[in-house]
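Please read the numbered points alongside the display below.

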Amino acid sequence: MARNRRGRGAERTRTVVAPAGLPGGSYQPLKAADLTRIVEAAKEVLERTGIQVMESPCRETFRAAGCRIDAEANRVYIGHELVEEALKTAAREVLLAGRRPQHDLLLGGQRVYMGTGGQAVKILDLDGKVRETRLSDNYDIGRLCDTLEHIHFYMRPVVPRDLANEQIDINQFYACLSATEKHVMANAYLPEKVAEQRALGEMLAGGGESFDARPLMSYSACWTVSPLRYAMETVEILDQIVAHKMPVVISSAPQAGATSPAALAGTLVQITAEQLSGIVYVNLLNPGHPLIMGCVPAQADLRSGAFVGGSAEFALLNAACAQIAQYLEVPIYNSSGISDSKVPDAQAGAEKGITGLAAALAGSNYIHHSAGFLESLLTVAYEQYVIDNDVNGEIMRMLKGIEVTEQSLSLDVIDEVCKGPGHFLGHPQTLSLMNSEYLYPSLLNRDSRDDWEMKGARDIREAARDQARKVLAEHWPEVIPENLDAEIRRRFDILLPRQSMRPAA
């Protein structure tokens, strides 16, 4: 069987129809006046209610900046002025680099990128059985996503349940970075491991200056526990990420009706307050740090209290957060595609399409969870990545919109076809536009019923499994040269066997 062992310098093809980074912003669930009211209300929350911060260097940083501290209640109160000062120094754009520039993400404004998300603990394998996740899944899903054009970045998708906590940090980054040339985001479980992760990044980038100029890895830090409480163990990790000058998302994930108000506007006020406190804190530590506002608002099903990620309310909240970030002029990471379905079915398709389209049309920058997820963030499925790649492509095509020019108005074409013997299908304009105006999905089936039946009458899930199997059998990217890989293995305790990253002889 032929093996795809692409080297780092090999050329990759990309359609021009729906490229990464297209601008959104046409969908605006909040009016301009609503944005002002929500942001001002969030500032009032920080002054009136404050943030719970336990005794720590973090709290002393706020104290030194002039914040009022209630030591008995462990609350920090942040004034309007400090918020405004932080917003003046906050990064307006953040570069998350790929191994080559064609995979770069320049977050900010209304530029849209869609990719994977993280922290699944179960995987629906290609044999149809659910099992616990393991380190090798991060590598295998990565090389699958390396071939999927409309998955623009690779956020570490699964928790390696086969590793101890102290083994995860370096190994999860290594498994992902060795699988794809796309930008990789993950996290750290232990603050002392951040230095190791930075060292790995420098080795791959060719030195510290090269890494700073083009950071090929970044972090998500879930540093709050809603409502309005800092997770101090994660704050310690955040401190190390900032000290090592690594791009970082500060992620808040309240659930409307459970850990934030049932009123959707109230949830937006709370999550904005949490985010503003983090923007203040990080900019006190390092003004202008490459920081990304991280909003993953969801909801609880008020009938049962269960987490919900595939609803219209989820779509509305995440789209609104994109507007808030644009109002604050900071980059944003938020979410789509968190289906509550257990398998890749019609429910999953509907939920992913609704939430993905809303976030993209609103101009979210880094839309994670857009590929692979099922069962309300608990499970990923190999075939779901393949299906979601086509869904993301259709969404990105909608962002591109319709070009209206004298030529595209087609007055002469209409006149020629209507008065002549020809037809539009054979017209030169049609031939010239068929590969630039139209996106052709790789998986969504457009055959006639007769042709579909002749080819085996496979449904989309079967077709996606076949594509995933083919990629996993044939695509073995050589992202890390063998000599550099050997050097990495000498320095770090890398647990993914090198032989598992090569095709069988």
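What covers the buried residues of α3? The points below take up this question after a word on the model.

1. The model is predicted: local features need pLDDT of at least 70 and side-chain atom pairs count only at pLDDT 80 or more, whereas totals for chains, interfaces and linings use all residues. Residues are numbered from 1 along each chain as its sequence is written, and side-chain values use heavy atoms, leaving out hydrogens and water.

2. The cover over the buried residues of α3 includes α1 (32-48), α9 and α10 (312-328). Helices here are DSSP runs (H or I, at least four residues), numbered from the N terminus. In α3 (residues 80-89), the buried residues are Leu82, Val83, Ala86 and Leu87. Viewed down the axis of α3, they fall within an arc of 135° and so line one face of the helix; the arc is that of the directions from the helix axis to the C-beta atoms. Exposed Glu81 and Lys88 sit on the face of α3 turned away from the buried side. Buried means under 20% relative accessible area and exposed over 50%, with partly exposed in between (1.4 Å probe, protein chains only).

3. Threonine 272 belongs to helix α9 (residues 264-285). Its relative accessibility is 1%, so threonine 272 counts as buried. Leaving aside residues up to four places away in sequence, threonine 272 touches Ile38, Ala42 and Ile324, where contact means heavy atoms within 4.5 Å.

4. The largest nonpolar core has 107 residues, and Phe62, Tyr230 and Ile488 have the most contacts inside it. Helix α9 supplies the largest share of this core, nine residues. Apart from it lies another core, of 14 residues, including Leu107, Tyr113, Ile292 and Val296. A nonpolar core is a set of buried Ala, Val, Leu, Ile, Met, Phe, Trp, Tyr and Cys residues joined through side-chain atoms within 4.5 Å.

5. Methionine 232 lies in helix α8 (residues 232-243). Because its relative accessibility is 17%, methionine 232 counts as buried. Methionine 232 touches Val53, Met54, Ser56 and Cys58, residues up to four places away in sequence not being counted. Between methionine 232 and methionine 398 there are 166 residues of sequence separation and 42 Å in space, C-alpha to C-alpha.

6. Asp140, Arg143 and Leu144 in α4 meet Ala468, Val471 and Leu472 in α16.

Definitions and conventions:
Helix = DSSP H or I, 4+ residues; strand = E, 2+ residues; numbered from the N terminus.
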